[in-house]
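User: I'm new to this one and would like a quick tour. Can we go through it step by step?

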Amino acid sequence: MKMILDERGKKCILKPGEEFQSDLGIIKADVLDAAEIGDEVESHSGHAFKIVKPNINDFIDVMERRCSILIKKDIGQVLSHTGLGAGSRVVDAGTGAGAIALNFGNVVGDEGDVFTYEIREDFAEIAQRNIDNFGITNIHVKNQNIKEGIDEDNIDLVFLDLPKPYEIFEEVLEALNVGGYLAVYAPYVDQAKISYRVAKKLGFYDIEIIETLERGLEIRQNGVRPKTRMVGHSGYLLFARKL
């Protein structure tokens, strides 16, 4: 997989055999196919483009989507908090465009598996295209309502991005390995509060709710200061483990 980066920092994932066109010019398919990572190519109008090896974040930035996706600050918390690693088995619901499923698949590697449930057929189709385009084979998209049952067992993490995730916590408990994690993304504190109470009642332990805020810094000639705008509330994350 290759990515092309223009002089403004705008990026595009390249498909083999396809010509590239933008407001900065056209680059023929044979030129792009022959280019190596690190090469610089020129459009017909004389603008320079760099050929770069993309990572998962680059791909997610430009992939097809028709819904909002989890952003990096929340995805990063889920990955680090649950200790996900090579060979882990993950259940994810709902898939959406597949952003967090792609991150899960990227982390668990070829020996791991991600089973992602999406009730909407159109979203499941988009997610499958994105996964296929990224070229990862350990993610299994299921156009299925997870509330009708979790088919998998021996799971290390169940991640739920659903309106009422607590309705299936009993099924989650059965599917998880001992020490496995339940993680919930909840836009509203009411969802997080009910999820906490249900998880506690069912015997989950190490239960906590967190909110991650992200603020960058501006580097100026006369000093450094926090940016005026920051990535504030996106959602609450609940974590709980099976005892």
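This is a predicted model: local features need pLDDT of at least 70, side-chain atom pairs count only at pLDDT 80 or more; totals for chains, interfaces and linings use all residues.

User: What share of the residues counts as buried?

Analyst: A residue is called buried when its relative accessible area is under 20%. The protein has 243 residues, and the share of them that counts as buried is 44%.

User: Which element gives the most to the largest nonpolar core?

Analyst: That core has 34 residues, and the ones with the most contacts inside it are Val78, Leu102, Phe104, Leu157 and Phe159. Elements giving two or more residues to this core include helix H3 (72–82), helix H4 (99–108) and strand S10 (155–160). The top contributor, with six residues, is H4.

User: Is the ring pair of Phe59 and Phe134 stacked or tilted?

Analyst: The structure holds four aromatic pairs, and Phe59 with Phe134 is one of these pairs, with ring centres 5.1 Å apart. Phe59 sits in helix H2 (residues 56–62) and Phe134 in helix H5 (residues 121–134), so the pair ties together parts 75 residues apart in sequence. Both Phe59 and Phe134 are buried. Planes under 30 degrees apart would count as stacked and over 60 as edge-to-face, but here they are at 55 degrees, so the pair is tilted.

User: And what about Phe169 and Phe204: is that pair stacked or edge-to-face?

Analyst: Their ring centres are 6.4 Å apart, with the planes at 65 degrees. Phe169 is in helix H6 (residues 169–175), while Phe204 is in the loop between helix H7 (189–202) and strand S12 (205–210), 35 residues apart. Phe169 and Phe204 are both buried. With planes over 60 degrees apart counting as edge-to-face, this pair is edge-to-face.

User: Which residue forms a salt bridge with Asp58?

Analyst: Side chains of opposite charge can pair when their charged atoms come close. Asp58 counts as buried because its relative accessibility is 12%. Its partner is in strand S2 (residues 11–14) while Asp58 is in helix H2, so the pair ties together parts 47 residues apart in sequence. With the closest N and O atoms 2.8 Å apart, that partner is Lys11.

User: Over the face of which residue does Arg120 lie?

Analyst: Arg120 also forms a salt bridge with Asp122, the closest N and O atoms being 2.6 Å apart. At 41% relative accessibility, Arg120 counts as partly exposed. At 3.9 Å from the ring centre, Arg120 lies over the face of Phe123.

User: Is Glu152, which forms a salt bridge with Lys142, buried or exposed?

Analyst: The closest N and O atoms of Lys142 and Glu152 are 2.6 Å apart. Lys142 is in strand S9, and Glu152 is in the loop between S9 and S10, ten residues apart. Lys142 has 16% relative accessibility, so Lys142 counts as buried. Glu152 has a relative accessible area of 11%, so Glu152 is buried.

User: Which residues make the nonpolar surface patch of about 340 Å²?

Analyst: One member, Ile219, is found in strand S13 (residues 217–220). Ile219 counts as exposed because its relative accessibility is 68%. The patch is made by Leu217, Ile219 and Val224.

Methods
Residues are numbered from 1 along each chain as its sequence is written. Side-chain values use heavy atoms; hydrogens and water are left out. Patches are made of residues with over 30% relative accessible area and no salt bridge: like charges are joined within 9 Å, nonpolar side chains (Val, Leu, Ile, Met, Phe, Trp, Tyr) within 5 Å. Accessible areas come from the Shrake-Rupley method with a 1.4 Å probe; for residues, only the protein chains shown count as cover. A salt bridge is a side-chain nitrogen of Lys or Arg within 4 Å of a carboxyl oxygen of Asp or Glu. Helices (H or I, at least four residues) and strands (E, at least two) are DSSP runs, numbered from the N terminus. Buried means under 20% relative accessible area, exposed over 50%, partly exposed in between (1.4 Å probe, protein chains only). Rings of Phe, Tyr and Trp (its six-membered ring) pair if their centres lie within 6.5 Å; planes under 30 degrees apart count as stacked, over 60 as edge-to-face and the rest as tilted. A charge sits over a ring if NZ of Lys or CZ of Arg is within 6 Å of the ring centre and within 35 degrees of the ring normal. A nonpolar core is a set of buried Ala, Val, Leu, Ile, Met, Phe, Trp, Tyr and Cys residues joined through side-chain atoms within 4.5 Å.
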